[in-house]
Amino acid sequence: MSLFSFIKNPFKKRDTAIEIAHAHYDQSFWANVKKEFRKNKLAVFSLRFILFLTFIAITADFIANEKPFACGYKGNTYFPILKSYAVDIGIAKWPEDLKNAEWKDLQYDWSLFPLIPYLPKNIDGNNSQSVSPFETQNVKSTRWRHWLGTDELGHDVLAAMIHGTRIALLVGVISMFIASFIGIILGSLAGYFGDTRLKVSRASIISFSLFGVLGMFWAYGSRTYILRDALAQSFPSFIFQFLVSTCIFLAILMFARLLAYPFKSINYLRQKISIPLDIIISRLFEVMLSIPTLILIISVSAIVQEPNIFIVMVVIGLTSWTGIARFIRAELLRVRSLEYIESANALGFSEFRIIFRHAIPNALSPVLIAIAFGIASAILIESTLSFLGIGVPAETLTWGSLLSLARQTPTAWWLAIFPGFAIFITVTIFNLAGEGLTDALDPRNRK
Amino acid sequence: MLKYILKRVLIFIPTLIIVSFLTFVISTNAPGDPVETMLNKNQGGEGQAAQKLATEKAYNDLKHQLGLDLPIFYFAFTNTTTSDTAYKITKGSHRATLERIAYTYGNWGDVAKYYKALQNFESDLYRQPKEAKTAEAITRIKDYAQQLYDNYEESKIKHVFSEINFIFDSNPSLIVLNGAYNAVKSGFENCVHNQRLTNRYIPTIHFYGTNNQYHNWLTNFLTGNFGISYQDKRPVSSVIWDALPNTMYLSLISIFLAYIIALPIGVRSSINKGRIRERATTTGLFILYSLPNFWIATMMVVFLCGGDYLSWFPAPGAEPIPDDAPLWYTISETIYRSILPLFCWTYASLAFISRQMRGGMLNVLGQDYIRTARAKGLNEKEVIWKHAFKNSLLPVITLFASIFPAAIAGSFVIESVFAIPGMGSLTLKALFARDYPIIFTTMMFTAVLTMVGNLVADILYAFVDPRISFSSKK
């Protein structure tokens, strides 16, 4: 029995009468997947652990921070952690006496500090030279103890690990977001259209290729310096300018589409030729697979003046979409010949509406597997890079860079064990979740 | 079959071109001026005309020798603000500034005149006789003139002008330089005055022919000339040749070991699926697969190699074995030293391969023809090794393609942790020294190896699985 006989027909979805009739024995695809996934205890555990890690990543500022949650200082009550968010956005300002305060040494009326009262960037001068977790530490009280020791300079290892969770997950999620975006679009185009189904009139081909080049020129070429300045300024502003460029490009393509319209009255230009999309995109897969990701990132970070974690994310995303694209291509090859797509065609829906509204949603499940494994490998690549000291700014402490500190101070076993264990657990958990999904989605496991 | 191989090789070529293109684009965007790095000289404000001429000549000569004074590509597709001869400005930093000014004001002609005037002014400055009372002022003007080469913003250039004006006002004896200086000033004012911003949006194409940097770089690469390392000025090929054997020795042994150990493990664990011992093996393999090798390597160095804990193995970076050492000593020492790196290098691919083997085997064992083989009374051994094993090799063969790049990627970590002078540590060292020829050669090399791996995997595939036909059928 095929896996996808369980897929809900999108037209059926609207038919509430049938839905109600079937509600008693829910046989929908996702219900089955859920049931199978729940059987695998390890997979369920790994999913819970992922949620736990996500929680730590999001609330890292509240778990480990130099600032107190709330404090009374000179008669006023402050909520410094929340306030620092407001200051970052720019809607609030620190009072003069707290502007460059050493939060640890202030004389509070009362204070409520987070669980770990350190930030990764804080340097505890009293406990520098790698203090072990079990040694007597030079701290005010147990409240200020470095539970996982410190490094050479006196950074708190536990605080660095908690904030490292955020970087690790961010790398995994953002790079896979980019990868799935590219992979889903290219894979579905290749799978749905194949080599023969995309037929375009000569007028459109000429117009699109001409304005495609010109559009690249006007949208990106002429704005090179704007883009470059934005990148030098900050990454978000670069993204903004890049989106502006992309909008210009798309607008030019729309114009090209309109322009081709009148020319279609000429018989020669109206004739349609098929574009072998599948061949083109499959060649692209091959090229991408020939590019060694790690070395590409190393080369790219060699030419970047200032190391930036976002660049690592983007490069990982840009090079790891082939897995996702292959999955979705194979799925769409199958889906495109199903009746419901034919009927959608017969109803006169546009090709793109059929692909994005009807075909892709039914082909997404295997992509989840690729994403789970992809996050694991992205985290692994990022930690390898920061372990080698590439691509991540020196002052950012990540799991990988913490681990690399163990090489400089071989006596510090806590630097060798804890960050490495965090990487190991995270990678394993994502791999386990991927395995669980593979099993749950595998029709052979079903009765 | 031969036709298929030929076809695969033909696909190889465009892939190679695209990869080379990517590498080249990255390499041309590398910051810094390679010629200056190699000359190891900063052209400061000091020095006399003759000396300045000599450095400039050395600079231009080296640039010519490296072929960096040629246009970058076969053609250039740009806006009309730059000229097709802009590449002839030898200094990269000057060219970047000028192109930026030209982009801001949209008139290359005026910018070129401004540059010419600036150069004249500078050489006039150097030709000034050395007098005690003006020496300091001239040095300061030289500094400001240098700043003009690097600044494109109107406000900054105006600021530099006002500073120079001030020096001129306080040193009346410098009046001889006034003519050249005014030419610079009016040159810049012309740029601002004759703005033609529409030029930014008018595309032009310049053709340069085959005498360009990319063409030369690619043909050199294909003939084995990879350029010169910036660090010690040796040819890249000889630097790589020194490092390659160390990497090859370890990676080939580890690939061999991984396959030899992994295949039986994979087969065995698939036969006895569900038994406790096999489930333990599978779990163990899964854990091994997820263990980051840089972690294990670091732990081994910290806990097993000298340090404060056990010292079972030599610390990384031990002295090389002397050439005159007795043979058995060399052999035993080499083996002793490579145990840990080999272990770290092997275990992950071992786990990966055996997991794939297990999956492939499980897949095959569920097929009808295996049941038939059992039904006709073949013993289990024959069923497994003769009928199932060969057919389950397919996924393992596909892995072969990714083995080479994985080996080089692994070499970065293992070699840097264990201080082995191989390709990985060479590339890392080059990276931190910004020695681009080495980095980009490694990148091209790995890409080519990956492509060869893909090709070999495809061909092996055809040999193992007779069902795969490569005649062109659509």
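Thr426(A) counts as buried, because its relative accessibility is 1% and the cut-off for buried is under 20%. This is a predicted model. Thr426(A) sits in helix 20 of chain A, which spans residues 413-441. Set aside the neighbours within four places in sequence, and Thr426(A) is in contact with Leu53(A), Ile379(A) and Trp399(A).

Now take chain A as a whole. Chain A holds 20 helices and five strands. Its C-alpha atoms fill a box of roughly 85 × 60 × 45 Å along the principal axes. Of the 447 residues in chain A, 52% are buried. The accessible surface of the chain is about 22500 Å². Carbon and sulfur atoms account for 65% of that surface. Sequence separation is the next point. Take the contacts in chain A between residues at least 6 apart in sequence: 73% of them join residues at least 24 apart.

Next comes a helix pair in chain A. Two packed helices are described by the angle between their axes and the distance between the axes. For helix 3 (residues 29-39) and helix 4 (residues 41-58) of chain A, the axes come within 5 Å. They cross at roughly 100 degrees. Angles of 65 to 115 degrees count as roughly perpendicular, so helix 3 and helix 4 of chain A are roughly perpendicular to each other. Helix 3 of chain A brings Phe37(A), Arg38(A) and Lys39(A) to the contact. Helix 4 of chain A brings Lys41(A), Ala43(A), Val44(A) and Leu47(A). By class, this contact has four nonpolar residues, three charged residues and no polar ones.

Stay with Leu47(A), in helix 4 of chain A. Is Leu47(A) buried or partly exposed? Its relative accessibility is 41%, so Leu47(A) counts as partly exposed. The C-alpha atoms of Leu47(A) and Gln271(A) are separated by 53 Å. Along the chain, these two residues are 224 residues apart.

Leu189(A) lies in helix 7 of chain A, residues 157-193. Its relative accessibility is 16%, so Leu189(A) counts as buried. What does Leu189(A) contact, leaving aside its neighbours within four places in sequence? Its partners are Gly194(A), Leu277(A), Ile281(A), Phe352(A) and Ile355(A). From Leu189(A) to Ile174(A), the C-alpha separation is 23 Å. The two are 15 residues apart along the chain.

Turn to chain B. It is divided into domain 1 (33-222) and domain 2 (236-464). Taken over C-alpha atoms, the centres of these two domains of chain B are separated by 53 Å.

Glu415(B) lies in helix 16 of chain B. Its relative accessibility is 0%, so Glu415(B) counts as buried. Which residues does Glu415(B) touch, not counting those up to four places away in sequence? They are Thr247(B), Trp345(B), Ile420(B), Gly422(B), Met423(B), Gly424(B) and Ser425(B).

Ala419(B) lies in the loop between helix 16 (394-418) and helix 17 (423-432) of chain B. Its backbone deserves a look. Most residues other than glycine have a negative phi. Ala419(B) has a positive phi of about 55 degrees, although it is not a glycine. Ala419(B) has a relative accessible area of 41%, so it is partly exposed.

How values were computed. Residues numbered from 1 in each chain as written. Chains lettered and ligands numbered in written order. Predicted model: local features only at pLDDT ≥ 70, side-chain atom pairs only at ≥ 80, totals over all residues. Heavy atoms only, no water. Domains from an automatic or database assignment. Axes fitted to C-alpha atoms, helices over the stretch in contact; angles between N-to-C directions. Helix = DSSP H or I, 4+ residues; strand = E, 2+ residues; numbered from the N terminus. Parallel < 35°, antiparallel > 145°, perpendicular 65-115°, else oblique. Contact = heavy atoms within 4.5 Å. Nonpolar A, V, L, I, M, F, W, Y, C, P; charged D, E, K, R; others polar. Buried < 20%, exposed > 50% of the residue type's maximum accessible area, 1.4 Å probe, protein only. Areas by Shrake-Rupley, 256 points an atom, 1.4 Å probe, with all protein chains shown as cover.
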